[in-house]
Amino acid sequence: MAESATILDSYLAKTPRSAALARAARAALPGGIVTDTRYFEPYAIYIERAAGVCKWDVDGNAYLDFFGGHGANMLGHSHPVLIQAVAGAIGRGVQYAANHPLEVEMAQEVLRHFPTAGRVRFTGSGTEATLLALRLARAFTGRPKIVRFASNYHGWHDHVASGYAAQFDGSAAPGVLPEIAAQTILIRPNDTAALERAVEGFGSQIAGFIIEPLGTHFGVVPTSGIFLRQVQDAAHSIGALFILDEVLSGFRVALKGAQGVYGLAPDLTTVAKVLCGGMPGGAVVGRADILDMLDPDPSRRAGRPKVLHQGTLTGNPVSMAAGLASLREIERIDGCARANSLGALARRRLNEMAQSERLPFSWYGDFSIFHLLIGHQRADSIDPKRNLETFLARPQPQTNRLRMALNVLGFDVNTKCSGLLSAVHTEEHVEQLVTGIAAAAAMLKREGLL
Ligand code: PMP
């Protein structure tokens with residue numbers, strides 16, 4: 001490719017088969033995609049296989065992967081332990097329509113990591129887990145309202161759809177009943193005064209407070225352990241439930257979750273992603289008296305009503321086998337600590353590089369995560385309470401072109417140019433990433449984008 005080729009020219013030249021697949025996809029799949037988070041202009045690469053820290057597209061290009069399987073891949077791709085567990089489980093049957101030993105073993109494994117919890121109910125995904133947690137909270141307290149934090153992501157169901165990407169005024173997302181949105185009290189992240197106003201104004205109507213422990217989208221809008229404790233205290237001061245959404249952070253920031261790190265005792269916790277090693281599955285973990293509302297035997301429900309929950313995929317034996325094997329492997333190699341120290345290294349080295357190259361980039365985040373803020377302000381100098389929009393902004397075309405340039409150079413990050421480290425990345429991979437981002441930024445500079 002000529003020196004003068006643009007990032008887009010290089011991308012198009014490198015990915016013709018992905019382009020053809022994207023054209024076919026748009027005729028069958030809305031937007032050519034299967035989940036909103038994978039949308040990328042003009043089209044995203046199509047991956048054929050992955051192993052370790054690499055994935056390969058349909059054109060044969062290799063990518064050093066920092067997307068992290070939406071956060072699920074703590075052991076990278078196709079870890080031998082996972083392959084063995086999944087292959088063995090499939091060989092024994094994928095759907096028994098019956099109880100099976102692995103669900104008991106997995107429940108015990110999960111509860112071992114969450115000492116303040118007494119029960120676990122598996123679900124098919126993280127979205128299903130938060131749906132069930134909110135239903136349990138309403139049934140347990142007999143109250144209608146849920147407190148949520150603007151822009152926090154808890155999945156895509158009706159009770160959490162409004163006020164995630166838009167509707168920060170409390171209105172309903174398209175397709176969601178206004179009655180449901182009206183039962184949500186939407187608070188700006190880290191706004192202690194608004195938390196107090198919710199408690200004073202609606203205390204007796206609030207069933208639960210749900211929050212992402214690292215802040216919006218695993219820390220794009222950061223929060224703090226202090227604020228999390230304030231939310232927990234606010235909930236408990238009015239007899240409402242504190243629901244910690246650890247779908248991303250659970251088994252990633254630590255096997256004991258963010259709650260273990262920050263010393264929290266949620267009434268209910270939602271987990272997924274790492275839980276089943278990237279296979280479908282999630283869970284609600286929490287107080288026995290709340291989760292026992294799922295128990296069909298009235299004598300164990302202390303007079304409380306039965307809460308409905310079913311699911312063909314719930315506790316699927318292949319997912320349970322994958323989860324057990326990967327959680328044990330993460331524990332054996334102290335995988336969370338490894339990924340966390342690589343995350344800290346990546347943020348430090350990326351910031352050093354940005355400074356020495358005079359790039360308008362600031363890298364931030366916590367644990368195994370790195371986020372990018374584009375602009376001349378450093379992320380750590382911005383108050384996340386007052387500047388929600390600054391953290392949520394993804395300047396275009398810079399963000400798109402940076403990820404595209406990284407793809408051209410053989411790296412993948414997510415569409416916000418955030419990324420995740422796993423237990424199988426190494427310091428060498430971090431250095432490669434730093435070099436790759438410096439080279440990608442130089443490509444943006446050549447196009448006058450930085
Ligand atoms: N909650 C949080 C904090 C998440 O990060 C996600 C997924 N990104 C979900 C809920 C939804 O989980 P799932 O994609 O498994 O439905």
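Colleague: Where in the chain do we find Pro-397?
Modeller: Pro-397 sits in the loop between α15 (388-392) and α16. Helices here are DSSP runs of H or I with at least four residues, strands are runs of E with at least two, and both are numbered from the N terminus. This is a predicted model, in which local features need pLDDT of at least 70, side-chain atom pairs count only at pLDDT 80 or more, and totals for chains, interfaces and linings use all residues. Residues are numbered from 1 along each chain as its sequence is written, and side-chain values use heavy atoms, with hydrogens and water left out.

Colleague: What kind of peptide bond joins Gln-396 and Pro-397?
Modeller: A cis one, with omega about 5 degrees. Glu-41 and Pro-42 are also joined by a cis bond, with omega about -5 degrees. Pro-42 lies in the loop between α2 (16-28) and β1 (47-51). Most peptide bonds are trans.

Colleague: Why is α16 called largely enclosed?
Modeller: Because eleven of its twelve residues are buried. Buried means under 20% relative accessible area, exposed over 50%, and partly exposed in between, using a 1.4 Å probe and protein chains only. Among the buried residues are Leu-402, Met-404 and Val-408. Their cover includes α1 (7-14), β13 (369-374) and α17 (427-446).

Colleague: Is Gln-167 buried or exposed, and why?
Modeller: Gln-167 has 19% relative accessibility, so this residue counts as buried. Its place is the loop between α6 (158-161) and α7 (178-182).

Colleague: Why is Asp-59 put in its accessibility class?
Modeller: Its relative accessible area is 22%, so Asp-59 is partly exposed. Asp-59 lies in the loop between β2 (54-57) and β3 (62-65). Leaving out residues up to four places away in sequence, Asp-59 is in contact (heavy atoms within 4.5 Å) with Lys-14, Thr-15, Pro-16, Arg-17 and Ser-18.

Colleague: What makes the pairing of Asp-59 with Arg-17 a polar contact?
Modeller: A polar contact is a pair of N or O atoms within 3.5 Å; within protein, one must be able to donate a hydrogen and the other to accept it, and residues adjacent in sequence count only if both atoms are side-chain atoms. Here a polar side-chain atom of Asp-59 lies 2.9 Å from the backbone nitrogen of Arg-17.

Colleague: Which side chain has an N or O atom 2.6 Å from an oxygen of the ligand?
Modeller: That of Thr-127. A ligand nitrogen is 2.9 Å from a side-chain N or O atom of Lys-273.
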